[in-house]
Amino acid sequence: MAACAHAAASLSPDKTVFSCFSSCKPTQSPTPTPAPRPQWKRLKRRERRQKRGKRGGIRARLGASPHKPAIPSIVLANIRSLDNKLDYIRLLCSSQRNVKDCCVFVFTETWLSDSVSDRAIQLDQLTWYRADRVVVAGGKTRGGGLCVYINDAWCRDAVAVCKHCSPVLEFMVIKCRPFYLPREYTAILVCAVYIPPSSNGNNRSEALNELYQHISEQQTAYPDAFLIVAGDFNHADLKSVFPKIQQHIDFPTRGNNTLDFVYTTQRGAYKAFPLPHLGASDHITVIR
């Protein structure tokens, strides 16, 4: 103890002096205090710098996956000669994404014949199905004709199950089994129809009765298929023979008249929008 007191006395006065007992004990570091949590300020909507999440709604989901719809999107047009409208169709597909991603293209009055080869009407990433007047016997030799294009990205399993041509009616039925199909449907039946404008009231009734018989046969063969009937009806109303079928075009397609129709068996299945004419065609183009 005397030695410790002597050592403490020998230190300079400006240094802190500890007792020998305290210098012998180990020093303990103080407990660290946690840093205060930052206080986040709730920004108002107009002050948010970055968008949060994704857009909702069925249209946004369909836009993100255009080739996986529950029912196919459709482009319908009376083109009055397909051979000289191919450049307009390519331009429309390259300039508008919704047309390029469309699943089914239905064209009436193609005016095709044996002199027009299949290679001449070929379009990129689309598979064609044609029904010419001269190919399907019906007593007519000029005009008319149907052509349906199926987008390969939507469906590669498609086949023409029925073609019909008579003096009062032309139609073709395509059965599609796409990659993505709702569980309640086994197939998609796309029926392209053209009724000549020269038909009078009796001829229209005859055409509708023929169409009803053939569609009923396809519905019997494929009872769980989703039916789409699209084309140029020229004042003929399919609801007169199919009371429960739904029509989805509510604007004029030629002048002040609505001649092109799209029918389905589901209410509210489509909402139609007009597109410009294809070349010199007197019918506007309809997309659904």
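**Figure 1. Overview of the protein chain, which holds 6 helices and 12 strands.** The model shown here and in the views that follow is a predicted one. Of the 288 residues in the protein chain, 43% are buried. When contacts between residues at least 6 apart in sequence are considered, 67% of them join residues at least 24 apart.

**Figure 2. Close-up of helix α6, which runs over residues 201–221.** With its 21 residues, α6 reaches 30 Å from its first C-alpha to its last, a span close to the 30 Å expected at 1.5 Å a residue. The buried residues of this helix are A207, L208, E210, L211, H214, I215 and Q218. Seen down the axis of α6, these buried residues fall within an arc of 165°, and they therefore line one face of the helix. An α-helix has 3.6 residues a turn, so residues three or four places apart point the same way. On the face of α6 turned away from its buried side lie the exposed residues N202 and T220.

**Figure 3. Packing partners of the buried residues of α6.** The elements against which the buried residues of α6 pack are the strands β5 (158–166), β6 (169–176), β7 (188–194) and β8 (226–232). Among the buried residues of α6 that belong in this view are the charged-class residue E210 as well as L208, L211 and I215.

**Figure 4. Close-up of helix α4, comprising residues 86–95.** In α4, the residues L86, I89, L92 and C93 are buried. Because they cover an arc of only 125° around the axis, these four lie on the same side of α4. The face turned away from the buried side of α4 carries D87, L91 and S94, which are exposed. The buried residues of α4 pack against α5 (97–100) and also against β2 (104–108), β4 (146–151) and β11 (273–275).

**Figure 5. The second largest pocket, with a volume of about 300 Å³.** This pocket is lined by 13 residues, of which C93, K100, D124, Q125 and L126 are the closest to its centre. Helix α4 (residues 86–95) provides the largest share of the lining of the second largest pocket, namely 3 residues. Sorted by class, the lining of the second largest pocket consists of 5 nonpolar, 4 polar and 4 charged residues. C93, one of the residues closest to the centre of the pocket, is also one of the buried residues of α4.

How values were computed:
Residues numbered from 1 in each chain as written. Predicted model: local features only at pLDDT ≥ 70, side-chain atom pairs only at ≥ 80, totals over all residues. Heavy atoms only, no water. Helix = DSSP H or I, 4+ residues; strand = E, 2+ residues; numbered from the N terminus. Expected span 1.5 Å × (residues − 1). Buried < 20%, exposed > 50% of the residue type's maximum accessible area, 1.4 Å probe, protein only. Arc of directions from axis to C-beta. Contact = heavy atoms within 4.5 Å. 1 Å grid on protein atoms, 1.4 Å probe; cavity = no way out; pocket = protein on both sides within 12 Å on 5 of 7 lines; lining within 4 Å. Points joined across faces, edges and corners; volume = space filled by probe spheres on them.
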